Amino acid sequence: MFPCLAYRPWQVLCRAYLQQRVPLSQIPFKIAKPRFGWKSGGGLHKLWFSFPDSRVTSLTWTGVQYCSTSGSGKDGSPAGPEEPKPTDKAQAAQSSAKAAGSKLQGLTKAESIQVKVRAVLKKREYGTKYMQNNFITAVRAMNEFCLKPSDLEQLRKIRRRSPHDDTEAFTVFLRSDVEAKALDVWGSQEALARERNLRKHVEREYEENIFRSQQLLKEYKDFWGNTKPRSVQRTTFLQGPGKVVMVAICINGLNFFFKLLAWVYTGSASMFSEAIHSLADTCNQALLALGISQSIRNPDAVHPYGFSNMRYIASLISGVGIFMMGAGLSWYHGIMGLLHPQPIESLLWAYCILAGSLVSEGATLLVAINEIKKGANKHDLSFYEYVMQSRDPSTNVVLLEDAAAVLGVVLAAGCMGMTSLTGNPYYDSLGSLGVGTLLGVVSAFLIYTNTEALLGRSIQAEHVQKLTEFLESDPAVRAIHDVKATDMGLSKVRFKAEVDFDGRVVTRSYLEKQDIEQILNDIQQVKTLEELENFMLKHGENIIDTLGAEVDRLEKELKQRNPEVRHVDLEIL
């Protein structure tokens, strides 16, 4: 603001005394040009200045006392007042100040302004890649730096909060210590790189011969509990959707066999369509059984969120199979019957087989309906909402296929009856086209609902609101933003949100676990900037750990109160 101050050394601290003649409110406003100057006398150098607003122009005289920080007394205190040597410009300013001094005779009130120098820490440059303070686990230290467990025993061990729910804390090592130990063991970076390449080569050979080690890997997984016992897979097909699918496979397989015999005996196009329909249902439900068996597998390194979507994938492929195999062949046979009609033999056996199919398909349909009612009641949904949202894709496929089978049997029997009464084979061909159209509608619905599920749709708004209100009711949370709750299938939900934490509550949570008197004593012993920096860094790191513990607590409580929420990602805003 004042160019004349630029001639003073930067170490100088200044104290200014401002004086005014009359209250500012009584001085009219007008534009004035900023002015300033120096005045010396009595061992002091005085600076006067005026501001553009004439109401501030009365703040003219300023006494400036300079204290140099370059030297100090015997007791370590700063040196006393230092008489600066004014330059030519400063002397010119002083002469101007003398001329203005004759006008300032009525000073009555003084104000003091202290200009302080702000002490800040020097910014530390870490560079684009700084990993010296990183923590790594013992497994990574042995894998990445080719060390042995005995090599790690001599390093500093640090207990840190565990990211896993089943363990409270685990031991880590400073990356800088591990790197130094690796150089001590291997001698140079080149030798360490050669050892890494050698181990990668051995690992590659092991992967090529992985089939020889399958039994060993199985025993290893069974030992660590990474795979479920076989009895779990067996019970999967004895209850719930697995039971429905297995019943449908058995019944549709028998229906296909008997319908195929009836078509061979009668040559009916409608009976052929029904045989193809049963074959398509049998193959699709076998595919559903495969999807169910795969969906219960535990997550692994390649699929961290598990295999629950395998049911939707199997249902989607099943829908495509119904469209291609069932509807396509039925349309083809019906069109060929219209173009080249053939006389039909006795339909008595065909009626008997259709009646048996109606009973068996109806029984399977009732099993699927009961299973869907149980699932709908469990999720507080109506029967229609449960089916439309495809909460249980395997049961939905069985339900729709059996419903289409029952309607197809009725349609085929009606068209065959019209052919028997009129002797016109076109009715039978029209029945085949009707069955194909019915299968096309079912397949289109299955493709649509399973595609929506695989794309990752949100859960109900009421459920999202419930989860959000639980987080917002916590004292450590100020606000929740960008909430995403995705249905992962099989009643599994993934919840993600950005959380604005209350820093005061988090800090108080940390202080409640500390000795306040000891912290006060530590503060009183701080004398230098370095000691202050160390004090702040120590407690700052502990507060960050407390914030991480608060995130873990919220995630754990959210899962406990909402068992369907399997994965929670809370991001600190």
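What follows is a tour from the whole chain down to single residues.

First, the ground rules. This is a predicted model, so to speak of a local feature we ask for pLDDT of at least 70, and side-chain atom pairs count only at pLDDT 80 or more, while totals for chains, interfaces and linings use all residues. Residues are numbered from 1 along each chain as its sequence is written, and side-chain values use heavy atoms, with hydrogens and water left out.

Start with the overall view. The chain has 19 helices and 11 strands, where helices (H or I, at least four residues) and strands (E, at least two) are DSSP runs numbered from the N terminus. Of its 573 residues, 36% are buried; buried means under 20% relative accessible area, exposed means over 50%, and partly exposed is in between, with a 1.4 Å probe and protein chains only. The chain exposes about 34800 Å², and carbon and sulfur atoms supply 59% of that. Accessible areas like this come from the Shrake-Rupley method with a 1.4 Å probe, and for residues only the protein chains shown count as cover. As for contacts (heavy atoms within 4.5 Å), take those with a separation of 6 or more: residues 24 or more positions apart account for 70% of them.

Now zoom in on helix α9, residues 240–266, where you'll find N252. Is N252 buried or exposed? Its relative accessibility is 0%, so N252 counts as buried. Setting aside neighbours within four places in sequence, N252 is in contact with S278, D281, T282, Q285, E361 and D402. There's also A280, which is 28 residues from N252 in sequence and 9.0 Å from it in space, C-alpha to C-alpha.

Helix α9 also holds F258, and here the picture is another one: at 42% relative accessibility, F258 counts as partly exposed. F258 belongs to a nonpolar surface patch with L254, F257 and L261, and together they have about 420 Å² of accessible area. The patch rule asks for residues with over 30% relative accessible area and no salt bridge; like charges are joined within 9 Å, and nonpolar side chains (Val, Leu, Ile, Met, Phe, Trp, Tyr) within 5 Å.

E203, E205, E207 and E208 form a negative surface patch. In the charge count, Lys and Arg are positive and Asp and Glu negative, with His and the chain ends not counted, and the place of a charge is taken as NZ of Lys, CZ of Arg, CG of Asp or CD of Glu. E207 sits in helix α6, residues 189–208, and is partly exposed at a relative accessible area of 49%.

On to the pairs. Side chains of opposite charge can pair when their charged atoms come close. Calling it a salt bridge takes a side-chain nitrogen of Lys or Arg within 4 Å of a carboxyl oxygen of Asp or Glu, and the count by this rule comes to 13.

One of them joins R553 and D474, at 3.0 Å from N to O. R553 lies in helix α19 (residues 529–561) and D474 in the loop between α16 (461–472) and β9 (477–489), so this pair ties together parts that are 79 residues apart in sequence. R553 is partly exposed at 26%, whereas D474 is buried at 11%. Both residues belong to a salt-bridge network that links D474, E550, R553 and E557.

Next, find D482 and K496, whose side chains meet in a salt bridge at 2.6 Å, N to O. This pair links distant parts of the chain, with D482 in strand β9 and K496 in strand β10 (residues 492–501), 14 residues apart. K496 counts as buried at 15% relative accessibility, while D482 is partly exposed at 38%. Check the backbone of D482 as well: its phi is near 50°, a positive value in a residue other than glycine.

Strand β10 has another partner in strand β11 (residues 565–572): R494 in β10 and D569 in β11 are 75 residues apart. D569 is partly exposed at 26%, and R494 is partly exposed at 31%.

Last stop: C146, in the loop between α3 (138–144) and α4 (149–152). C146 has a positive phi of about 55° although it is not a glycine, and at 3% relative accessibility C146 counts as buried.
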